[in-house]
Amino acid sequence: VGYDDASPGDASHGSPTGSPWSVITLDELELGDKLAAGAMGAITGGFYRGRPVAVKTLHDTSSKALASVEAELLVHASLKHERVVELIGANLVPGRGCCIVMERCECSLFERLHRRPDEMSRRELMRLAIQVAEGMQHLHTRRPPVVHRDLKSHNVLLDGSGGAKLCDFGLVNTREVTAGTPNYMAPELFLQKPNSASVDVFAFGVLLNEMWAREVPWDGY
């Protein structure tokens with residue numbers, strides 16, 4: 001479902017006609033408690049037509065900011081896989097409550113590893129590691145490959161059954177080589193050298209160590 005009054009590429013109208021997500025405005029949502037807050041906006045729990053959802057309300061609704069969000073959503077909408085958080089819909093039209101609506105997950109892998117004292121069995125850790133790898137494989141086997149560029153425990157969400165799902169595709173289209181989270185970044189990114197999907201593999205290695213050690217990567221450095 002696209003925006004009836006929008007022309008292709010016109011960020012002032014939110015997104016081009018025929019965008020691959022449903023237009024959902026804030027007045028269609030039943031909002032609940034705030035789940036998190038980030039640079040882009042606050043994430044709130046809620047319901048959409050009876051379905052539990054997570055709603056990101058956008059702080060910056062300038063044309064430049066919305067164009068960036070639109071680019072991220074176009075990538076996200078193309079990644080339909082059980083190991084990717086489902087994009088349900090969005091509204092990028094200023095004045096109508098700019099928001100992104102996604103499937104509701106229980107918590108991030110970061111929270112599960114570092115903020116919950118209960119143990120995780122080796123079998124559970126292996127299951128989650130395999131599921132993250134399945135999500136990466138889905139990204140990397142697209143044509144052209146999708147490189148996440150910010151794979152970390154914060155961007156792995158756990159659903160109600162404990163399954164792992166990748167989220168946050170904001171750096172997929174970035175031209176800034178050093179963008180990302182330093183704790184997980186491959187050497188070639190620090191050195192501003194050409195890079196490929198291998199930077200996600202490096203980040204996955206850091207994530208594996210984080211999962212088994214239950215330590216924040218490079219904590220204190």
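Visitor: What is the relative accessible area of E124?

Guide: E124 has a relative accessible area of 23%, so it counts as partly exposed. Buried means under 20%, exposed means over 50%, and partly exposed is in between, with a 1.4 Å probe and protein chains only. This is a predicted model, in which local features need pLDDT of at least 70 and side-chain atom pairs count only at pLDDT 80 or more, while totals for chains, interfaces and linings use all residues. Residues are numbered from 1 along each chain as its sequence is written, and side-chain values use heavy atoms, with hydrogens and water left out.

Visitor: Which residue forms a salt bridge with E124?

Guide: That is R112, with the closest N and O atoms 4.0 Å apart. A salt bridge here is a side-chain nitrogen of Lys or Arg within 4 Å of a carboxyl oxygen of Asp or Glu. The pair links distant parts of the chain, since E124 is in helix α3 and R112 is in helix α2, 12 residues apart. Helices (H or I, at least four residues) and strands (E, at least two) are DSSP runs, numbered from the N terminus.

Visitor: And R112, buried or exposed?

Guide: R112 is buried, because its relative accessible area is 9%. R112 also belongs to a network of salt bridges that links it with D118 and E124.

Visitor: How many salt bridges does the structure hold?

Guide: There are 7. One of them joins the side chains of E103 and K165, at 3.5 Å from N to O. E103 is in strand β6 and K165 is in strand β9 (residues 164–166), 62 residues apart, so this pair too links distant parts of the chain. Both E103 and K165 are buried. Another salt bridge is between K152 and D150, at 3.8 Å, and these two residues are also buried.

Visitor: Why would side chains pair up like that?

Guide: Side chains of opposite charge can pair when their charged atoms come close.

Visitor: What lines the largest cavity?

Guide: Its lining includes D150, Y184, L189 and V199. D150 is the partner of K152 in the salt bridge above. Helix α5 (residues 198–213) gives the most to this lining, with 3 residues.

Visitor: How much space lies in the largest pocket?

Guide: About 970 Å³. It is lined by 33 residues, and A36, I43, H154, L157 and C167 lie nearest its centre. Among the elements that give two or more residues to the lining are β2 (30–37), β3 (41–48) and α1 (63–77).

Visitor: Where is I43?

Guide: I43 is in strand β3. With a relative accessible area of 22%, I43 is partly exposed.

Visitor: Which residues make the nonpolar surface patch?

Guide: M126, I130 and W212 make it, and its area is about 280 Å². Patches are made of residues with over 30% relative accessible area and no salt bridge; like charges are joined within 9 Å, and nonpolar side chains (Val, Leu, Ile, Met, Phe, Trp, Tyr) within 5 Å. Areas come from the Shrake-Rupley method with a 1.4 Å probe, and for residues only the protein chains shown count as cover. I130 is in helix α3 (residues 122–140) and is partly exposed, at 44%.

Visitor: What about phi of D168?

Guide: D168 has a positive phi of about 65°, although it is not a glycine. D168 is in the loop between β9 and α4 (187–190). Q192, which is in the loop between α4 and α5, also has a positive phi, near 55°. At 57% relative accessibility, Q192 counts as exposed.

Notes
On a 1 Å grid over the protein atoms alone, a cavity is a set of points where a 1.4 Å probe fits but cannot get out, and a pocket is an open set with protein on both sides within 12 Å along at least five of seven lines; lining residues have an atom within 4 Å of a point. Grid points are joined across faces, edges and corners, and a volume is the space filled by probe spheres set on the points.
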